[in-house]
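User: I would like to learn how to read a two-chain model. Please take me through it feature by feature.

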Amino acid sequence: MRYSYYPGCSAESTARDQYMSVNEVAIALNIELIEIKGWTCCGSTPAHHTDKILSIALPVANLLMAQKTGLEMVVFCAACYNRMKVANHEIQTNPEIRKEIAATLGEDYDGSVKVHHFIEVLIKEIGVKKLKEAFTHSLYGLKVASYYGCLLVRPKDVTQFDDPENPTIMDKLIKLMGGEMIDWPHKVECCGGGFALSRTDIVVELSNSILGMAEASGAQCMAVACPMCQINLDMRQSDIHKIKGRDYNLPVVYITQLLGLCLGISPKKLGMDKCVVSPKPIIELVKVAE
Amino acid sequence: MSIVISKEKQAGDLINDVQKLSGIDIRSCLQCKKCSNGCPVTGLTNVHPSDIIRAMQLNVGDKIFNSDLIWMCASCETCYARCPMKINMAEVMDALRVLSVQKNGPKQKGNVPLFNKSFLRTVKMFGRTYDIGMIAAYKLGSASLLQDTDKFPMMLLKGKIALIPSFQADKKYTRRIFGRKLGNTQS
């Protein structure tokens, strides 16, 4: 199983732990992720705030690079995943945009590179049976709130990831790992996303409401699949404590870190020392040798 | 929100400009307010997504750029997911942000356009984002230098922020992309 892998800019900074855990899980499951040589930024929110053609051309540049490898693309960052899917959709449905993008890049792109989120590869390609066989450790009933955020599930006709109001793909993985999935209503609420620096006040409000609901629903940790959600929900807990007086101390980990633990990979290799709120209780529960 | 419409001629073409930029038929909105009920930031402002649409339908003109919601919308797309008329409100907001910058709309809390500019400048330079360069440019410009300084050493220690930019990007395409004029493309 070989894929062209697009890590995205956060893999080199705020989400190194995501990058590490995706790589480790891929190796353990024999998924060959070949990083696109010379990949560039997808443009994220600042691009679509600024200029439509810019916001399509940046992902298309990477889709063109992937196309030359002849492999389908795998992304983990939900924002990059969303921008790649939106770009494909626009190119496929809007001939004028396709023409303008071709003129901008000096190369025509037909919108045909398939884009998968890493979790989709796990569920759809590896499959539940094989995954279960590969697990050497269990989450021993750990209560996990799976949090999807916005960009994986919306817009549904474009990402086609899962149900936009009640996605269950991560819950399936949690159950498979022996964890207890929490039935809670804030799975697809917004954490404030790209406002991490510019409107921290909005991030604090929205993340507080999500963390509060996770806590009230009895979660012992949250599993995420987006670097922006991870950093907002994890790092902003100290600000929420200061501003709102709520002390959650709730570990927020990547789903791939939980998968890695269950595959017997050491927490250090999964970058779990990089979490701000210590995930030590989870690690001790699963007991993976360092 | 109360919408004030004055008698003198409005900067009339706003609705057409937004429609041209976003490709979305704003006139089809029924004001069912599902967008406003699902919007995560409506609790933080008095202007709701359905008000923005209504204001455009009533032709309030450039006064719309005073609405703080335009720069508070996190593009979560809950509005679009629930709209019975399939109006992609997130794209309408994108169009309004583009127009606001073009027309020199009022500066709002957080100065999001400056953040966007700082972010995109690093992409133009390196092909990828460079957090420290982006944060420095944004903070110097928005005079919020002290915000989050407590987190910087911790992030550096955890390797969650890169000191030097990445030089691995192939800028073949980004050079062409950033060679064109930004902010006025039509779809």
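Analyst: Start with a definition. Two strands pair if DSSP finds at least two bridges between them. Keep in mind that this is a predicted model. With that rule, 4 strands of chain A form an open sheet in the order β2-β1-β3-β4, and the pairing is parallel.

User: Which strands stand at the edges of that sheet?

Analyst: β2 (32–35) and β4 (115–117) of chain A do. Each has a single partner strand, so one side of each is left without a neighbour in the sheet. From one strand to the next, the twist averages 40°.

User: What holds paired strands together in general?

Analyst: Strands of a sheet pair through backbone hydrogen bonds, either parallel or antiparallel. Take one pair here. β1(A) and β3(A), residues 73–75, run parallel and are joined by 3 bridges. Within this pair, A:Ser4 stands opposite A:Met73.

User: Which strands does α4(A) lie across?

Analyst: α4(A) lies across β1, β3 and β4 of chain A. Against β4(A), the helix runs at about 155°.

User: How many bridges join β5(A) to β6(A), and how many join β5(A) to β7(A)?

Analyst: β5(A) covers residues 143–147. To β6(A), residues 180–181, there are 2 bridges, and the two strands run parallel. A:Lys143 has A:Glu180 as its bridge partner there. To β7(A), residues 221–224, there are 4 bridges, again with a parallel run. On that side A:Tyr147 stands opposite A:Val224.

User: Is β5(A) mostly covered or mostly open?

Analyst: Mostly covered. The cut-off for a buried residue is 20 or more other C-beta atoms within 10 Å of its own. In β5(A), 4 of the 5 residues are buried.

User: Now the domains. Where does the assignment place them in chain A?

Analyst: Domain 1 of chain A is 2–118, and domain 2 is 135–286. Their C-alpha centres lie 23 Å apart. Across the boundary, 23 residues of domain 1 of chain A are in contact with 26 residues of domain 2 of chain A.

User: Which element gives the largest share of the domain 1 side?

Analyst: α1(A), with 9 residues. Helices α1, α2 and α4 of chain A each supply at least two residues to that side. By class, the domain 1 side has 10 nonpolar, 9 polar and 4 charged residues.

User: And what are the domains of chain B?

Analyst: Chain B is divided into domain 1 (14–102) and domain 2 (112–177). Their centres, taken over C-alpha atoms, are separated by 29 Å.

User: How many helices and strands are there in chain B?

Analyst: Chain B has 9 helices and 0 strands. Its C-alpha atoms fill a box of roughly 55 × 35 × 35 Å along the principal axes. Of its 187 residues, 42% are buried. Among contacts in chain B with a separation of 6 or more, 70% link residues 24 or more positions apart.

User: How should I read a single helix?

Analyst: An α-helix has 3.6 residues a turn, so residues three or four places apart point the same way. Then check the span. α5(B), residues 89–102, has 14 residues and reaches 20 Å from its first C-alpha to its last, close to the 20 Å expected. Now check burial. In α5(B), 13 of the 14 residues are buried, so the helix is largely enclosed by the rest of the structure. Just after α5(B), B:Asn104 takes a positive phi of about 55°.

User: How many residues does each chain give to the contact between A and B?

Analyst: Chain A gives 48 residues, and chain B gives 48 residues. On the chain A side, α2 (44–50), α3 (52–67), α5 (95–105) and α10 (200–216) each give two or more residues. That side divides into 21 nonpolar, 15 polar and 12 charged.

User: Last, a single residue. Where does A:Thr14 lie, and is A:Thr14 buried or exposed?

Analyst: A:Thr14 lies in the loop between β1 (2–6) and α1 (16–28) of chain A. A:Thr14 is buried, with 23 other C-beta atoms within 10 Å. Leaving aside neighbours within four places in sequence, A:Thr14 is in contact with A:Pro227, A:Ile231, B:Lys160 and B:Ile161. A:Pro227 is 213 residues away along the chain, yet 7.4 Å separate its C-alpha atom from that of A:Thr14.

Note on methods:
Residues are numbered from 1 along each chain as its sequence is written. Chains are lettered from A and ligands numbered from 1 in the order in which they are written. This is a predicted model: local features need pLDDT of at least 70, side-chain atom pairs count only at pLDDT 80 or more; totals for chains, interfaces and linings use all residues. A residue is buried if 20 or more other C-beta atoms lie within 10 Å of its own, exposed if 12 or fewer, and partly exposed in between; C-beta atoms are placed from the backbone. Domain bounds come from an automatic or database domain assignment. The expected span of a helix is 1.5 Å times one less than its number of residues. Two residues are in contact if their C-beta atoms, placed from the backbone, lie within 7 Å. Ala, Val, Leu, Ile, Met, Phe, Trp, Tyr, Cys and Pro count as nonpolar, Asp, Glu, Lys and Arg as charged, and the others, Gly among them, as polar. Axes are lines fitted to C-alpha atoms, for helices over the stretch in contact, and angles run from 0 to 180 degrees between N-to-C directions.
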